[in-house]
Amino acid sequence: MPGVKADPIELLRARTSEKWVTYPDDVLPLFVAETDYPIAPVVAEAVIDRVRASDTGYVSDASPAARAFAGFAGRRWDWALDPSLVRCTTDVSVAIVEVLRVLLEPGSRVAIMPPVYPPFFGLVPEAGHTTYEVPLVDRRIDLAGVEAAFVDGVKAVLLCHPHNPIGVPHPADDLRALAELAREHGAFVVSDEIHGPLTHPDGHFVPFLDTCAAAREVGVCVTSASKGWNIAGFKCAMIVADDPAVNARLDRMSEEVLWRTSILGMHASAAAFTHGAEWLDATIAAMVESRRLLTSLLAEHLPEVDYREPTASYLAWLDLRALADDPNPAARILTDAKVALTPGPDFGAPGVGHVRLNLACSAEMLTAAVERIATTYRS
């Protein structure tokens, strides 16, 4: 397949998604996790085919997407997943809320690991629980901190794997240790694996449920094709559990959880997981090229910035504290450089002085963004 490249700016400006309508045209939008690449042709054709057939009603059976995901998991990660264990719903955020509601007693405490995807701070209370923060230590799970949290009464861990915003999959040994701790303390692990399909060639992603027997006993995976193929607007996600007792709890979810799945999203996901691997690999290659360009640009223009290349997805976590004593540099960068980044503090206290940059864009846009930021800080 030819290389995947970002759409021209005139096409991007015609999009109506959040990335392209939030700010005026003089701002370079490198914040929300949407890519600038054109949709995979196999996905587009699947959706267009259903629209032409006026097949736009309610989902009755989401098993095509479930089978497609199981097949993809087997080919991509050697995960022998029974398709009957895969349930579908609207999106990963809805999946997290619905799973936490039925797994835990109301008012339970759920551990999260900042810096982490900002909605985690809201999804836990939406499910009727409270957050308990166990920050990462040097970009890895603080297993001692998690154990202390379990001793303190925490009943579940909401895991981000690969971890957003740092862009790395958690090592399998850490996941196994986490699973053993959860089993020992009668707790659960809900693993958000939405960025898993976007693991780079130099990264190593192992699905949590496939790490060990303990993980299968305590774990629930929530995932989607939405990040890998840039189809968040189609609204389809997967919930997977392997343990009969865990699945019995998931059976308590309302039937509406399935009915809310988009029929177009179901067909788009099935096409992506079944036929979209070649396009996905080309997209990942573009992301690797972009992450390396960012390394070069920062070395040239902003060598003080601490940046470690991600090995999954397309999000760069930048530490700007050496440039200025500013807890939220994204605000200054938006005002003075006209570049929209995600504020680091949104990811929790460890995000102070940081920003998250979306590098799934053209080389020209990424270069212009770094040059604008450098000019702001050098002026």
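Biologist: Where is Pro 162?
Modeller: Pro 162 sits in the loop between β5 (156-160) and α8 (172-184). Helices here are DSSP runs of H or I with at least four residues, strands are runs of E with at least two, and both are numbered from the N terminus. This is a predicted model, in which local features need pLDDT of at least 70 and side-chain atom pairs count only at pLDDT 80 or more, while totals for chains, interfaces and linings use all residues. Residues are numbered from 1 along each chain as its sequence is written, and side-chain values use heavy atoms, with hydrogens and water left out.

Biologist: Is the peptide bond from His 161 to Pro 162 cis or trans?
Modeller: The bond from His 161 to Pro 162 is cis, with omega near -5°. Most peptide bonds are trans. The bond from Pro 114 to Pro 115 is also cis, and its omega is near 0°. Pro 115 belongs to the loop between β3 (109-112) and α6 (120-126).

Biologist: Back to α8. How many residues has it?
Modeller: α8 has 13 residues and reaches 18 Å from its first C-alpha to its last, close to the 18 Å expected at 1.5 Å a residue. The expected span is 1.5 Å times one less than the number of residues.

Biologist: Which residues are buried in α8?
Modeller: They are Ala 172, Asp 174, Leu 175, Leu 178, Ala 179, Leu 181 and Ala 182. Buried means under 20% relative accessible area, exposed over 50%, and partly exposed in between, with a 1.4 Å probe and protein chains only.

Biologist: What covers the buried residues of α8?
Modeller: The cover includes α7, β5, β6 (188-192) and α9 (213-218). Just after α8, Gly 186 takes a positive phi of about 65°.

Biologist: What about residues other than glycine with a positive phi?
Modeller: Arg 139 is one of them, with phi of about 70°. Arg 139 lies in the loop between β4 (130-133) and α7 (143-151) and is buried, with a relative accessible area of 19%. Asn 230 also has a positive phi, near 55°. Asn 230 is in the loop between β7 (219-223) and β8 (237-240), and is partly exposed at 24% relative accessible area.

Biologist: And Asp 138, buried or exposed?
Modeller: Asp 138 counts as exposed, at 59% relative accessibility. Asp 138 is found in the loop between β4 and α7.

Biologist: Another helix, then. Which residues of α3 are buried?
Modeller: Val 43, Ala 44, Ala 46 and Val 47 are the buried residues of α3. Seen down the axis of α3, they fall within an arc of 160°, so they line one face of the helix. The arc is that of the directions from the helix axis to the C-beta atoms. Those buried residues pack against α12 (263-275), where contact means heavy atoms within 4.5 Å.

Biologist: What does Leu 28 touch?
Modeller: Not counting residues up to four places away in sequence, Leu 28 touches Lys 338, Val 339, Ala 340, Met 365, Ala 368, Ala 369 and Arg 372. Leu 28 lies in strand β1 (residues 28-29) and is buried, with a relative accessible area of 10%. The C-alpha atoms of Leu 28 and Arg 372 are 9.8 Å apart, although the two are 344 residues apart along the chain.

Biologist: How much space lies in the largest pocket?
Modeller: About 630 Å³. A pocket is an open set of points on a 1 Å grid over the protein atoms alone, with protein on both sides within 12 Å along at least five of seven lines; a cavity is a set where a 1.4 Å probe fits but cannot get out, and lining residues have an atom within 4 Å of a point. Grid points are joined across faces, edges and corners, and a volume is the space filled by probe spheres set on the points.

Biologist: Which residues lie nearest the centre of the largest pocket?
Modeller: Of its 33 lining residues, Val 32, Ala 33, Tyr 117, Lys 227 and Ala 232 do.
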